[in-house]
Amino acid sequence: MKKMLTAAALAAVAVCAALPAQAQFAKAEDAVAYRQGAYRVLAHHFGSLGAMASGKAPFDAARAAADGEVLAAIAKLPATGFVAGAESKAAKPAIWTQGEKFKQIDQNMIEAAGKLAAAAKSGDLEQIKATFGDTAKTCKACHDEYRQK
Ligand code: ASC
């Protein structure tokens with residue numbers, strides 16, 4: 001019995017580790033607020049890295065590393081707020097009808113944010129500049145396809 005429980009517990013841990021961030025919402029508007037809040041936090045830290053990458057702000061390695069860490073973690077969240085029935089003014093309906101394509105574009109952003117975070121952690125401004133541009137492209141790809149103008 002103990003052995004079975006241990007196996008079940010291990011299986012549950014494996015499932016949790018494999019799943020992307022999940023969120024549950026009592027109301028559709030909570031899901032909209034959740035994803036918009038996540039995007040806002042992303043934009044803040046992405047903007048901070050961008051200011052340093054472009055020289056508009058002095059390069060601060062510790063700040064860049066912290067921005068990258070938050071960016072990589074928060075990047076995984078917004079997609080979980082696009083639950084059924086949670087349409088909004090900003091989001092095109094295609095998000096719900098082209099689920100797989102939307103997920104892929106979102107995944108590209110998550111991966112780019114991870115690389116930008118690694119670059120930021122390295123403290124090498126040149127690496128930050130390169131990966132910042134790649135990440136910006138993934139933001140834009142989604143805006144072009146799925147954000148209402
Ligand atoms: C930002 C921000 C975005 C992206 C995007 C990149 O700083 O808030 O949504 O960059 O403009 O194309």
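Which polar backbone atom lies 3.4 Å from an oxygen atom of the ligand? The atom belongs to Ala-136. A polar contact here is a pair of N or O atoms within 3.5 Å; within protein, one must be able to donate a hydrogen and the other to accept it, and residues adjacent in sequence count only if both atoms are side-chain atoms.

The model is predicted: local features need pLDDT of at least 70, side-chain atom pairs count only at pLDDT 80 or more, and totals for chains, interfaces and linings use all residues. Residues are numbered from 1 along each chain as its sequence is written, and side-chain values use heavy atoms, with hydrogens and water left out.

**Ligand shell**

Around the ligand stand Ala-43, Phe-46, Ala-136, Cys-139, Lys-140 and His-143, where a residue is near a molecule if one of its heavy atoms lies within 4 Å of it. The ligand taken alone exposes 310 Å², and the protein buries 59% of that (Shrake-Rupley method, 1.4 Å probe). Two or more shell residues come from each of helix 2 (28–54) and helix 6 (125–146); helices are DSSP runs (H or I, at least four residues), numbered from the N terminus. Helix 6 gives the most to this shell, with four residues.

**Largest pocket**

The largest pocket has a volume of about 590 Å³. A pocket is an open set of points on a 1 Å grid over the protein atoms alone, where a 1.4 Å probe fits, with protein on both sides within 12 Å along at least five of seven lines; lining residues have an atom within 4 Å of a point. The volume is the space filled by probe spheres set on the points, which are joined across faces, edges and corners. Of the 24 lining residues, Tyr-39, Leu-42, Cys-139, His-143 and Arg-147 lie nearest the centre of the pocket. Helix 2, helix 5 (99–122) and helix 6 each give two or more residues to the lining, and helix 2 gives the most, with seven.

**Two buried residues**

Buried means under 20% relative accessible area (1.4 Å probe, protein chains only).

| Residue | Relative accessibility |
|---|---|
| Thr-138 | 14%, buried |
| Ala-120 | 1%, buried |

Thr-138 lies in helix 6, and a polar atom of its side chain is 2.7 Å from the backbone oxygen of Thr-135. Ala-120 is in helix 5. Its C-alpha is 5.8 Å from that of Gly-68, although Ala-120 and Gly-68 are 52 residues apart in sequence.

How values were computed: Buried < 20%, exposed > 50% of the residue type's maximum accessible area, 1.4 Å probe, protein only.
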